[in-house]
Amino acid sequence: MWNFSCPLIVYGDNSLDYLAQVKGKKAFIVTDKNIVKLGLIKPVTGKLDEAKIQWEIFDDVEPEPSLTTIKKGGVAVGKYQPDWVIGIGGGSCMDAAKAIILLLARPELEPESLSVLEEFNFRAKARLMAIPTTSGTGSEATWAIVLTDTKDNRKLGLGSTECMPDVAILDPVMVMGMPPQITADTGMDVICHAIEGYTSTWGTSMTLGPGLIATRLTLEYLVRAYKDGGDLEARKEMMNAATMGGMSFGNSMAGLAHSTGHALGAIFHVPHGRAVGLFLPYTMEYLINESAETTAQYAEMARYCHVASSGSDKECALALVARVRALAGELGQPLSIKDCGVGQAEYEKEIPRLIERALNEVMTMTVTRIPGEEDLGRIFKYAYEGKSIDF
Amino acid sequence: MGGDFYFITEPGGPVKEKGFMYVDLYHGKCRACEIVTDPNKYKPAFTLAAPYNIWKQIATKKLDSTKALITRQSKLTGDMAKIMRYTKAANELTNCTMLVPTEWLD
């Protein structure tokens, strides 16, 4: 038994108008101060006003939301008792909204216990909506919640199958103002989700389609969106790609680029999309070197996305790796950890911690070649130097 | 990591009565392992319960143990925050299970 879930996805021009159809009395908006400053909350609250839904804003979410912030949000939502919780922002805000709605139902829980092992039944009280302002983490279409334990410098992969949003609204007006750097970082997250979702050992035929299309859309539209934020077609297709990437990995599992990227992000505070996108080609090489199954899958993707038209599976798979690196290069992304400005001595000191964190993520186990400590250590070292994986 | 467990087989299929196996794990070593007839004998930190057919699928790697939890085919009680940090250990526990010669009831 497995399952596939996704929200009602309302997308395209003027999709925020959907808010006029929403039934409810009170909405608790979870976001960050920057989103408020950019004026991105106003289009939403304007529609809520039209629908005669009261609202309150919780804008304390920081990038890589902490357990402390979620706890604070849990107290605030408990006082407000809304019937909608709306996450507006990037993955941090949407993940925070998911965590906070779980605490609405189970206020006695600590945020680090918000896992699939608990039952919440929050829909007896409120429903969940996600409105992304990046393209993106795909959080609007997953039940995953990633929080940061700031005391231990560790990312926690939490979440409940119950916290798949009820509705996701993909209105391009929310992403048009995204600066190039964020467009690039979050865009690399999309291709990582797409490729890892497609090749996950937890994947099935249900999760292949969204991953494949998300890969093709990212290769076609991300650089356009990066170079010209006003390119409406590129913005719309990247929003779709982000959500489809979420549908793919969210219903299978992310992989090794995510577990290594999480570890790097937790300890060296490299933004999520930049970190996972950096590791993606290295982890792809690692899998190609011993997994015929994943090599064949990469080759399928390469052929479908017109990255390679002829050649063996290995040649086509390596062409996809090269294409991912080229994409990162076009976006001005770092191709090695050294390029992120991390000092070598400091990095080498942290390798044991990086390994330990990556080892204890489910995503390290859902690939066809599961690394142990030694291989993880080598991947971390090679990625620092920018050396292709040859083992 | 340290933790003691009851691994519980729920009645169903060839299993007529609830079965309890106590396992005490401590930093890579198994300090105790016994079939328990009186479930009140121990108060372990964790319990993991599933029907026989699910245990068999997990032990023969037809079903991932984490997937079994996500789909509520198995049920875990205990300190969730603690256990969520030890995915590798959970994976190795399943791998170790496969090494034990087993006679299945069906």
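I count two strands as paired if DSSP finds at least two bridges between them. Helices (H or I, at least four residues) and strands (E, at least two) are DSSP runs, numbered from the N terminus.

This is a predicted model, in which local features need pLDDT of at least 70 and side-chain atom pairs count only at pLDDT 80 or more, while totals for chains, interfaces and linings use all residues. Residues are numbered from 1 along each chain as its sequence is written, and chains are lettered from A and ligands numbered from 1 in the order in which they are written.

**Sheet, chain A.** I looked up the strand order and found an open sheet of 6 strands, E1-E8-E5-E4-E2-E3, with parallel pairing. E1 (8–11) and E3 (54–58) of chain A each have a single partner strand, so they stand at the edges with one side lacking a neighbour in the sheet.

I checked E2 (26–30) and E4 (84–89) of chain A, which pair in the parallel sense over 4 bridges. Phe28(A) has Val85(A) in E4(A) as its bridge partner.

**Helix on the sheet.** I found helix H3 (67–80) of chain A lying across E2, E3 and E4 of chain A, at about 170 degrees to E2(A).

**Chain B against chain A.** I noted 15 residues of chain B in contact with 18 residues of chain A (C-beta atoms, placed from the backbone, within 7 Å). On the chain B side, H2(B) gives the most, with 4 residues.

Conventions. Contact = placed C-beta atoms within 7 Å. Axes fitted to C-alpha atoms, helices over the stretch in contact; angles between N-to-C directions.
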